[in-house]
Amino acid sequence: MKTDRAPISFAVNGTPVSVSVAPMRRLSSVLRDELGLTGTKVGCDAGDCGACTVLLGNQPVCACLMPAAAAEGASIRTVEGLGEQALSALQASFLAHGAAQCGICTPGMLMAATALLEHVAQPSEEQVRDALGGVLCRCTGYRKIIDAVVEAWRSVSPSRHCDLHLPAGHAVGASPVRLDGVPKVTGSEKFGGDSFPTDALAVLVVRSPYHRAAFRFSDLDAFKATPGIVAIFTAADIGGVNRFGVIPSFADQPALAETEVRFRGEAVALVACEPWAARDLDMATFPIEWRELSSTLEPAQAQTSDAALLHADRPGNVLVRGFVERGEPDAALAAATCTVTGQIETSYVEHAYIEPEAGYAFADDGMLTIVACTQAPHLDREETAGILGLSTDKVRIVPTATGGGFGSKIDVSLQPLIGLVALKTGRPAALAYTRSESMASTTKRHPATMTATIGADARGMVRGMVFDGEFNTGAYASFGPTVANRVPVHACGPYVTPNYRASARAIHTNGPISGAFRGFGVPQATIMQETLFDELADMLGIDRLQLRRNNALRNGCETVTGQRLEGGVGIGECLDKLEPHWRRALDEAEAFNAASESIKRGVGIASCWYGCGNTSLPNPSTIRLGIAAEGNVVLHQGAVDIGQGSNTVIAQIAADALGLPLSNFTLRGADTAITPDAGKTSASRQTYVSGRAAEKAARALRDKLLRHANASPAAHLYLENGMLTVWEGETRRHIDLSRLERDAGGLVFAAEESYDPPTLPLDAKGQGKPYAVYGYGAQIAELEIDLRLGTVSLRKFTAAHDVGKAINPLLAVGQIEGGIAQGIGMALMEEYIPGRTENLHDYLIPTIGDVPSIETILVEVPDPEGPFGAKGLGEHVLIPTAPAILNAIRHATGVSVRKVPATPTRIMEALRGVRSS
């Protein structure tokens, strides 16, 4: 039987071990669960992601595919064995190059790279691509990983890479290593599934195999009698309101469906059992009877909202409408010298973070504590408390490290499920989604069908635009209202558009739930707008980059919502920086195409803009920091770092505002019991909003310290060995911190400040101030297409992004490279099909071989509203990638692909259509 145990002996990291386990049990499970070596990560259990890569002898293998019996007598190395007393040269190189972002793939990358370096001391980029091709990363875009491996032979002292001793006032603009970097490269970082209590019950979820169906349970008691099963829970066991949603007035999704399911993968019941039973339990025998229903579009239940853009008329399956209108667009288009009209359709896109959702819960003395990966701990607390019928002060959310998020881990998924089991059984409860479970049940990027018309005068100045988009939000609302609001504001691109009308509808279907995903619908709308801009330029005979420069927003311009942009508008500077790269790429493409018949080279360009934070809604963040009696600065940093670097960037901002070096800082990460609410990690808001709150709190704390020492603002601070020294001219004031009274958190001086962006509501025509700060960017894509096969080979990206102020340039570049990689996937390969692409074998994301050279240009046009002038960045960097690729395809072939992704089949269909016409 599978559960029969046998003694198996092998060596791990040079130490002999012996375990008694089922011989066919996965080696990854044995390493993690029996030996506690959780540096070996599990992302798929199918050998698709490579996160579990270990070395068998000197060869990399996927531990999830290797039965424990195959390890008998073998020597296994895991990431925990790479560095002994100090980091290895490779680990140090990963830190120095910023090659670890979220960190979930990092151990697998390190092990595969170690095997390479032991054979080839100074590998080429091509050798690195070949060696690491089996390990997937969703965050970095691979470029920094390649650089780290190629440069590892230089053996720069690891201690140098960990140095945070920047002089006071010099943190902003520098690139110290991530404050959370060392645990990521040593494998000691704890993600959602890495620290389950040994006595925790395993939670299994019964999910719908149908897109829409009614169901009823049969003999639950008989199933519960199965050895190892402790309890079964259904919607009837939920003690609160069985509905949740990120926007309270649109909260419509049940934690457990009651009598009918509305999408494939919806949860209907929970089985709590002992871990040994969970490994072999046949969930196909669960007593439930299904009656499949027609998957027609159902009328959305009436909803209400205070947002001005959410109209009351919702016929049929329309959840909500967004609308912006300015000037006289119809008259402007009628009078235009040239107009272009087009339609674009985009697909479901899966988030595909390498870490599936995971966490555990326990109840102790009336407090429910949930330890899980998340992007929004305070929102989790509110929603979980509401579902389980608890007051919020009886729920504590402790975020683990989050192995990628990109929006989907904002939505509550497993938190109320494990919380319910822990409350009802009195035992800890743990749940880690399988890859197929994660892909079937979590949110996707909204598929969209869009049409638009743009008109310009003879000089190429845009006179008017009309946009209409339908966005499939699936079975439940999630972020459908946010997308419907945000798209009409952004669909014009970063261009002056005096006459404009844009409408967007979020519709309900029985498809997967569509939610937040890096851009909230703006990437889809930008594909529509930017591809039309290329057609417009060609019709007018104007250079494509020049058309964009001519129409770019500048300081003093008004947006389509009537917002006057007084300063900080950097799109013009981004386009200016791209000019020489554009000319070089066009010249090279022209020369290549003149000599090549079957392969053609294309060059594409696209721009973006993006409002940081919520659309015309409150969006506050609160940060607390103080001086501990032990002599360190304690930063309560509640902005969850999902790889983007907020742990480091917000600390850099606080350090310079306070006037103490970064090395004095100790981080207390997000935890609803000890850190104030810094809001969701979404909408490119953390560097700007939480960074501004951190700046305010640091300046307030500095004022307290100076007042205590009776010093002027010109004084310098020095902190060492429990002593604070305030130095002003020849005067030194020494404050023994141990003698001062401590607060409940152990702080002797403290400050807490909040910041909420100054926005204004939008009226019925979408006029107002939806965002206080915008970020801008533009990208050039260079590629080649085989006209015989329709295959695309990417050659290079050049990206110019206005970040206001690069708080940490290394991390900023890493965000840009990672965003481009995701944009490549959206443009060329990613298309989620329910029931068919629910693993990382059938659903393709870019590998290390798919991402070309990326040249990044950081543009700094400070915004007076941002901390030290900084703007958001994370969402922006994906937005122009797909349209730049599509424009390059059109430049190479003369045809437009109207369904994304632009697979070889779709490219060939477009080519055949042109040839037959």
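Leaving aside neighbours within four places in sequence, with which residues is Ile885 in contact? In this predicted model, Ile885 touches Ala781, Leu783, Leu794, Phe797, Ile824, Ala827 and Leu828, where contact means heavy atoms within 4.5 Å.

Residues are numbered from 1 along each chain as its sequence is written, and side-chain values use heavy atoms, with hydrogens and water left out. Local features need pLDDT of at least 70, side-chain atom pairs count only at pLDDT 80 or more, and totals for chains, interfaces and linings use all residues.

The protein chain has an average pLDDT (the predictor's confidence in each residue, from 0 to 100) of 95, and 96% of the residues score at least 70. Over residues 158-162, however, the pLDDT is below 50, and this stretch has 13 contacts in the model beyond near neighbours in sequence. Residues 297-315 also stay under 50, and here the model has 46 contacts beyond four places in sequence.

Helices (H or I, at least four residues) and strands (E, at least two) are DSSP runs, numbered from the N terminus. Helix H21 (residues 881-893) has 13 residues and reaches 18 Å from its first C-alpha to its last, close to the 18 Å expected at 1.5 Å a residue; the expected span is 1.5 Å times one less than the number of residues. Twelve of the 13 residues of H21 are buried, among them Ile885, Ile889 and Arg890. After H21 comes Gly894, with a positive phi near 80°.

Next come the sheets, in which two strands pair if DSSP finds at least two bridges between them. Five strands make up an open sheet of mixed pairing, in the order E2-E1-E5-E3-E4. Strand E2 (15-21) and strand E4 (59-62) are at its edges with a single partner strand each, so one side of each has no neighbour in the sheet. Neighbouring strands are turned by 40° against each other on average, direction ignored. Strand E1 (residues 6-12) and E2 run antiparallel and are joined by seven bridges, with Ala11 opposite Pro16 in E2. Helix H1 (residues 27-34) lies across E1, E2, strand E3 (53-56) and strand E5 (75-77), at about 105° to E2, whereas helix H3 (residues 106-119) lies across E3, E4 and E5, at about 35° to E3. For these angles, axes are lines fitted to C-alpha atoms, for helices over the stretch in contact, and values run from 0 to 180 degrees between N-to-C directions.

Five bridges link strand E7 (residues 213-217) to E11, and Phe215 has Trp290 of E11 as its bridge partner.

How values were computed:
Buried < 20%, exposed > 50% of the residue type's maximum accessible area, 1.4 Å probe, protein only.
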